[in-house]
Amino acid sequence: GAPIYQQELAGVIKKGERLAVLGGSGAGKTTLLAMIAAQIAPSRGQILWDDRDYSAISNQSLQANITYLKEHPLWIRRSLESLLPAETPEKAAERDQIMDLCGAARILERLPSGYQTPLASSEISPHEARSIALAASILQRKQILLLDDPFESVGLAQTRKILEYLAALRDHTIVIAMTRPKGLDWFDRVLVMNAGELVFDGSE
């Protein structure tokens, strides 16, 4: 289950900051991202956005500004079309570019129903579903992007290509949790967690 934090996790994430959160299994990375995403509430203390407590902001408003890719996506009943909408030719071109970037375009090519295929289809493996979910998360272009171990099964070269693309999303705050560190030179700041404790803050 989620770890109980042994110390206060106090800090500020700046608008447009690129933050890496590192740690092994059970370190508390997922719990931290879930709190930022307003999926769970802190047992004590508060989370502020522009000096406003999360409890004073509607869940609808928070979700409109935050994309949270969980370690195990739960969008299983939705079709790829609903996850990756493209209302215009420009959006369709952007979608195709991001799908290719995340290694998901080749998956689409072999699906008879294309974008109408449900993510839970037996034709899509869990690893492939994660690549598609990553593409969908990036395509949403919300103000805050939270990714939980998105590069676990991705090589370093492809990881760097994805990070280069994300660098163009100016003023977007990006927090990426990783078990195995990759591309750390891309980030503005690195946090390391262990057993629910913050043991290193790269900004210090």
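Predicted model: local features only at pLDDT ≥ 70, side-chain atom pairs only at ≥ 80, totals over all residues.

Biologist: Let us begin with a pair of strands. In which sense do E7 and E8 pair, and over how many bridges?

Modeller: Two strands count as paired if there are at least two bridges between them. Strand E7 (residues 189–194) and strand E8 (residues 197–201) are antiparallel, with 4 bridges. One of the residues to look at is Val192, whose bridge partner in E8 is Phe200.

Biologist: How many residues lie between E7 and E8 in the hairpin?

Modeller: There are 2 residues between E7 and E8. In that turn, Ala195 has a positive phi of about 50°.

Biologist: Now E4. Which strand is joined to E4, and do the two run parallel or antiparallel?

Modeller: Strand E5 (residues 144–148) runs parallel to E4, and 4 bridges join them. Thr67 in E4 (residues 66–69) stands opposite Leu145 in E5.

Biologist: Which way do the residues of E4 point, and are they buried or exposed?

Modeller: Buried means under 20% relative accessible area. Ile66 and Tyr68 point one way from E4, Thr67 and Leu69 point the other way, and all of them are buried.

Biologist: Where is Arg160 found, and what is Arg160 in contact with?

Modeller: Arg160 belongs to helix H7 (residues 156–167). Neighbours within four places in sequence aside, Arg160 is in contact with Gly183 and Asp185. Arg170 is 10 residues from Arg160 along the chain, and their C-alpha atoms are separated by 17 Å.

Definitions and conventions: Residues numbered from 1 in each chain as written. Heavy atoms only, no water. Buried < 20%, exposed > 50% of the residue type's maximum accessible area, 1.4 Å probe, protein only. Contact = heavy atoms within 4.5 Å.
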